Structures are given as C-alpha cells and as structure tokens.
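Please examine the sequence and structure below before reading on.

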Amino acid sequence: MGDYHFVYKDVEGASTQWDDIQTKLGNLPPKPPAFKPPSFEPAPDQDSLPKDKSWVDNKTEEELEELEDDPDLDDDRFLEEYRKKRLAEMREATKLSRFGSVMLISGSDFVREVSQAPPDVWVVVILYKEGFPECGVLMECLEELARKYPATKFVKIISTDCIPNYPDRNLPTLLVYNNSAVKANHVGLRSFGRRCTPEGVALVLCQSDPVLNDGQSGSDPSRKNVIEGVQRSFIEKVVAQHEDDDDGSSSD
C-alpha cells in the first residue's frame, strides 16, 4: 500500500489559537498580514475630463488640430482661443528649431542656402579648408553652438569654393548673414580671443545683433537674454572644471 500524506495549509494570513498564544508570549514572530491586491480603478475616460487650460496643454499638435471642430469648444470662446494660441506656439517652435548642425554647402548652394534664407533666420557661414588646425578648433565651437541654437542656421563651405583665390592666411573666416545682407565678418581665429571657446564665439557673434536663437524665445529673441545665457554656460563650465581638478588632486 502506498504511503499517503496530507498536508494541511491555513488560508494565507490565518493563524491558529496556538499560534496566537505563542505570538503573545514572544515565541513566534508576528504573522504578516494576508496579501490584498490593490482595488481596481478603471482608467479615466478622456471625454469626461474637465476641459480647461491644463487639458489643452496636455494635447499634442496633432490633437489640437483635430479639436478644431469640437462642439464643446465652439461653446467656450476662451478655451477655443487658448487652443489656437497653443497651436500657434507649437507651430512656431517647430518652424524655428529646424537646423541644429553645421551643414556643408558648395558654391552653387550659397545663394539658395545663405542669400535667400528667410528674413527671420540668421545664417553663420564658416569659410574653411581641411588640414588647417585653426579651422578645426573653430568648427568644434560652431558644432556645439549649432546644437544649442537650432533656430540659427550654421553652414560651412570650402573657402575657394565660395571666393576664388581666397587667401589661406585669412582662414578660418566667419560671415554672418541676415535678410540677404552681410551683417558681420570675423577673419582668423584671433577674432575670438586667445582661447577659442563656444562661449567666446557666441559673445562675438552677439556683439550687436541677436544672431543666436535657441527656438524657445519666439522669432525675435533678446540679444541681452542670449548673452546672459552664454555667460551662465561659461560660469558653469569653469565651476565644473575646478570641481574635476579638485577631485583629481584629492585622489593623488
């Protein structure tokens, strides 16, 4: 005959009278409470949410466009006007933040990409040649600025493709264009101080005009705000560099 065993198990969280006595005497640890799953709460119905400014703020550009024929908004003039305002802001931000890198162009591209750029776009052109260390230093600065200020257009072109027989001694050269006109030119790396940094280049570019635009300040950013932002970035870099130096010296 087989050996059969029956193991009795209490309901999870339950205890016998003997267990209760032993727990009171301190012979057994307190029994953990029975696991209770969280109560089910259905996801909120989007149509039942209150339609206010925060409701509009959480919509994407595509969703705001779809709300154009929403009958509820037709009855709420303020909310409809706010929807239009938010949609316009989103479209403006998308329009402004359309660059973000230093684009290579040829001589045949110059008129289309630079001279015929929209009036609200500032264009920074670097004339360069491969193999010139000074050109490489300035190019690295411009690549960082292009990422930080994607509403400003940065392009690079080999100097002699842009201006035949352009002297190598003038490299690198920066040209600043706006509304089909040259607004500034900076010849040689010395134009940006003894040590060429992205912050130094930014300050030179914004000496008289708000050349740099991050796409977050509207189509007419303040030159003062740009310069203050550049100064903050420079200070943060200096502080971070000193902290790294302190960490290195303390570990020796």
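Which side chain meets that of Arg112 in a salt bridge? In this predicted model, the partner is Glu113, with N and O 3.4 Å apart. The whole structure contains four salt bridges.

**Overall architecture**
- The protein chain comprises ten helices and five strands.
- Of its 252 residues, 33% count as buried.
- The chain exposes about 17000 Å², of which carbon and sulfur atoms supply 51%.
- Among contacts between residues at least 6 apart in sequence, 64% join residues at least 24 apart.

**Salt-bridge network**
- A network of salt bridges links Asp109, Arg112, Glu113 and Lys153.
- Glu113 also forms a salt bridge with Lys153, at 2.6 Å from N to O.
- This pair links distant parts of the chain, with Glu113 in helix H6 (residues 110-115) and Lys153 in strand E3 (residues 153-158), 40 residues apart.
- Glu113 is buried because its relative accessible area, 16%, is under 20%; Lys153 is likewise buried, at 9%.
- Arg112 counts as partly exposed, at 46% relative accessibility.

**Salt bridge between two loops**
- Asp168 and Lys129 form a salt bridge, their closest N and O atoms being 3.0 Å apart.
- Asp168 lies in the loop between helix H8 (159-162) and strand E4 (173-178), whereas Lys129 lies in the loop between strand E2 (122-128) and helix H7 (133-148); the two are 39 residues apart.
- Asp168 is partly exposed at 33% relative accessible area, and Lys129 is partly exposed at 22%.

**Helix H9**
- Helix H9 (residues 198-205) is mostly covered, with seven of its eight residues buried.
- The buried residues include Pro198, Glu199 and Leu205.

Conventions:
Residues numbered from 1 in each chain as written. Predicted model: local features only at pLDDT ≥ 70, side-chain atom pairs only at ≥ 80, totals over all residues. Heavy atoms only, no water. Buried < 20%, exposed > 50% of the residue type's maximum accessible area, 1.4 Å probe, protein only. Helix = DSSP H or I, 4+ residues; strand = E, 2+ residues; numbered from the N terminus. Contact = heavy atoms within 4.5 Å. Areas by Shrake-Rupley, 256 points an atom, 1.4 Å probe, with all protein chains shown as cover.
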